[in-house]
Amino acid sequence: NWRNNENWCSDKPLNEWAGVDTEEGFVVSLQLEGNNLIGNLPDEVANLKFLYILNIDGNNIPYISDKIQHLSVLQKLDLPRIKCLPQEILSMTNIVELRIDLRDCSKDMERLDFSRMLNLWALELSADNIEFPIGLQSLHKLYHLHLNGFVGEFPDVRNCTELRRLSINNSSISSTIPNWLTNLTNLEMLHLEGLGLKGEIPREIYSLPYLQSIILRENQLEGN
């Protein structure tokens with residue numbers, strides 16, 4: 001059922017298998033996004049000790065083994081719509097890019113704590129009315145943050161001064177835009193859409209020196 005399984009399970013060199021890249025004979029990248037894969041991620045993936053890119057987004061792989069934590073050099077991880085997130089992923093400190101679809105996870109799942117993932121510079125999470133993650137204020141290298149479908153207090157990213165793109169959409173916050181947001185002077189994009197935000201828009205936001213795109217639709221804000 002794979003859309004592209006060219007050379008898989010053949011005697012061809014691994015780097016000729018669809019979606020596989022190697023270096024010096026070792027698998028370093030699996031990019032199998034949108035390939036109509038069905039089932040669970042096999043535990044044996046953890047044996048790929050030199051794997052630094054794993055992209056299985058856009059497939060039907062609802063469960064991820066906690067053995068994924070043994071991919072100690074993994075830097076980029078893109079996961080599909082999963083039903084349970086192994087908390088061990090939140091201890092994988094070498095990851096710099098992380099994208100996960102949590103919309104099928106239980107609303108009673110343990111709250112996500114990213115305080116140990118200090119090398120993250122890109123984080124994208126989609127959810128269905130679970131609490132905003134915590135620990136984001138520890139991610140001083142964060143450059144890109146996208147959150148969709150969360151509830152709770154406005155996520156505290158005041159210490160993420162390298163942040164260029166901040167997008168929070170279709171979530172329930174019901175508070176004001178925090179004043180500290182105007183201290184994120186490297187922001188180029190600020191999208192706060194469909195959050196239920198109330199109160200005044202801090203005027204200083206419009207003076208951020210690099211801001212190119214701002215969207216504040218579907219809130220209850222006052223001001224221009």
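Analyst: Quick ground rules before we start. This is a predicted model, with local features needing pLDDT of at least 70 and side-chain atom pairs counting only at pLDDT 80 or more, while totals for chains, interfaces and linings use all residues. Residues are numbered from 1 along each chain as its sequence is written, and side-chain values use heavy atoms, with hydrogens and water left out.

Strand β9 covers residues 189-193. Strands here are DSSP runs (E, at least two residues; helices are H or I, at least four), numbered from the N terminus. β9 is mostly covered, with 5 of its 5 residues buried. Buried means under 20% relative accessible area, exposed means over 50%, and partly exposed is in between, using a 1.4 Å probe and protein chains only. In a regular strand, side chains alternate between the two faces of the sheet. For β9, M189, H191 and E193 lie on one side, L190 and L192 on the other, and all of them are buried.

Now for who sits beside β9. Strand β8 (residues 165-169) pairs with β9 in the parallel sense over 5 bridges; two strands pair if DSSP finds at least two bridges between them. E193 in β9 has N169 opposite. β9 is also joined by 3 bridges to strand β11 (residues 213-215), again running parallel, and there H191 stands opposite I215.

S171 is buried, at 6% relative accessible area. Its side chain reaches the backbone oxygen of N169 at 2.9 Å. That is a polar contact: N or O atoms within 3.5 Å, where within protein one must be able to donate a hydrogen and the other to accept it, and residues adjacent in sequence count only if both atoms are side-chain atoms. Leaving aside neighbours within four places in sequence, S171 is in contact (heavy atoms within 4.5 Å) with F132, L147, N148, G149, F150, G194 and L195.

Lastly, charges. The structure holds 11 salt bridges, each a side-chain nitrogen of Lys or Arg within 4 Å of a carboxyl oxygen of Asp or Glu. One of them joins D104 and R81, with the closest N and O atoms 3.1 Å apart. This pair links distant parts of the chain, 23 residues apart: D104 is in the loop between β5 (97-101) and β6 (122-131), and R81 is in strand β4 (residues 76-81). D104 is partly exposed at 35%, and R81 is partly exposed at 37%. E97 meets R99 at 3.0 Å, N to O; E97 is buried at 15%, while R99 is partly exposed at 22%. D101 and R103 come to 2.6 Å, with D101 buried at 11% and R103 partly exposed at 36%. Salt bridges that share partners also join D78, E97, R99 and E124 into one network.
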